[in-house]
Amino acid sequence: MKQSSKSLSLNYKRLKNLMTRFRLILLLSILITGCNNDRSSGLHSVNKTNNGISLIKYTVTNTYPHSIESYTEGLIFHDNKLFESTGSPENYPDTKSVIGIVNLKTGEIDVKVEIDRNKYFGEGILFFNNKLYQLTYKNQSGFIYDSKDFKQIGTFSYVNKEGWGMTTDGNSIIMSDGTNFITYWDPDSLKESKKINITYNGSSALYANELEFINGFIYANIWTTNYIAKIDPANGKILGLIDLTTLYLKALKENPQSEATNGIAYDSKRNRIFVTGKFWPYIFEIKFQY
């Protein structure tokens, strides 16, 4: 007897959640040698991984609602507003690839851009020189919008096989593509100017996803995990990890469909950092030593 599409979708989601949890447990067993979590204060104190990489302490300073319909691909603070971009996986037919402003009181997105989910899968975004750039997943192309009225003013292409996350150091556009490389683009030509190899204790590290440039370092969500990696842009070395497992578990408790952490935004004017994940019911404001 064939299962209904709804039943198949539900079973797929359950299986995916189980696989995500298994990967998480496996990674934690490999990386973590000890931790001391003070849940009452939100302080997470982990000394070292067994490979000598520091785990960075953080505190949760605020919690905001987030739409559980948002399959988060990008998060960025611009013009005193928090913007989010979302993707639209085939196995989640109700998802959309949009860009919009997040209402921190309700979690809903005021949509400014929506692309055809039948042709494109929206990925990371970046505001740069009065323009808004949007990557797509597998089309080797992206869109350019006016940063004020969000009208499309151009497109661009790239040689990377996939597009994942975007950020900037103020001089270059920086992107991730799911490999062990981070690519720098010249902002005028949108052509590659250099690449850095992301390494973890001497070995190449895959799956850098959403990116944010904070005080001279690249911070990257590592796909399939709940870690944010602190990366030295000079040589690609991972200098530290921020373990957001506790936040993921809080999200999972509220919404069983929550997936791995993805989304980092830095408000440089007020020194605030926002993090979230795919289908998470919360956006967390966190504080840590950069």
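The charged end of Lys-195 sits over the ring of Phe-181, 5.4 Å from its centre. Here a charge sits over a ring if NZ of Lys or CZ of Arg is within 6 Å of the ring centre and within 35 degrees of the ring normal. Lys-230 does likewise: its charged end is over the ring of Phe-217, 4.3 Å from the centre.

This is a predicted model, in which local features need pLDDT of at least 70, side-chain atom pairs count only at pLDDT 80 or more, and totals for chains, interfaces and linings use all residues. Residues are numbered from 1 along each chain as its sequence is written, and side-chain values use heavy atoms, with hydrogens and water left out.

Next, the rings. The structure holds 22 aromatic pairs. Rings of Phe, Tyr and Trp (its six-membered ring) pair if their centres lie within 6.5 Å; planes under 30 degrees apart count as stacked, over 60 as edge-to-face and the rest as tilted. Phe-77 and Phe-274 are stacked, because their ring centres are 5.7 Å apart and their planes at 0°. Phe-77 belongs to strand β5 (residues 72-78) and Phe-274 to strand β24 (residues 272-277), so this pair ties together parts 197 residues apart in sequence. Strands (E, at least two residues) are DSSP runs, numbered from the N terminus. Elsewhere, ring pairs link Tyr-71, Tyr-92, Phe-121, Tyr-137 and Phe-279 into a cluster.

Now look at strand β22 (residues 238-243). Five of its six residues are buried, so β22 is largely enclosed by the rest of the structure. Two strands pair if DSSP finds at least two bridges between them. Strand β3 (residues 54-55) runs parallel to β22, joined by two bridges. Strand β21 (residues 227-231) pairs with β22 in the antiparallel sense, over five bridges. Leu-241 in β22 stands opposite Leu-55 and opposite Ala-229. Six residues lie between the strands of the β21 and β22 hairpin, where Gly-236 takes a positive phi near 80°.

How values were computed
Helix = DSSP H or I, 4+ residues; strand = E, 2+ residues; numbered from the N terminus. Buried < 20%, exposed > 50% of the residue type's maximum accessible area, 1.4 Å probe, protein only.
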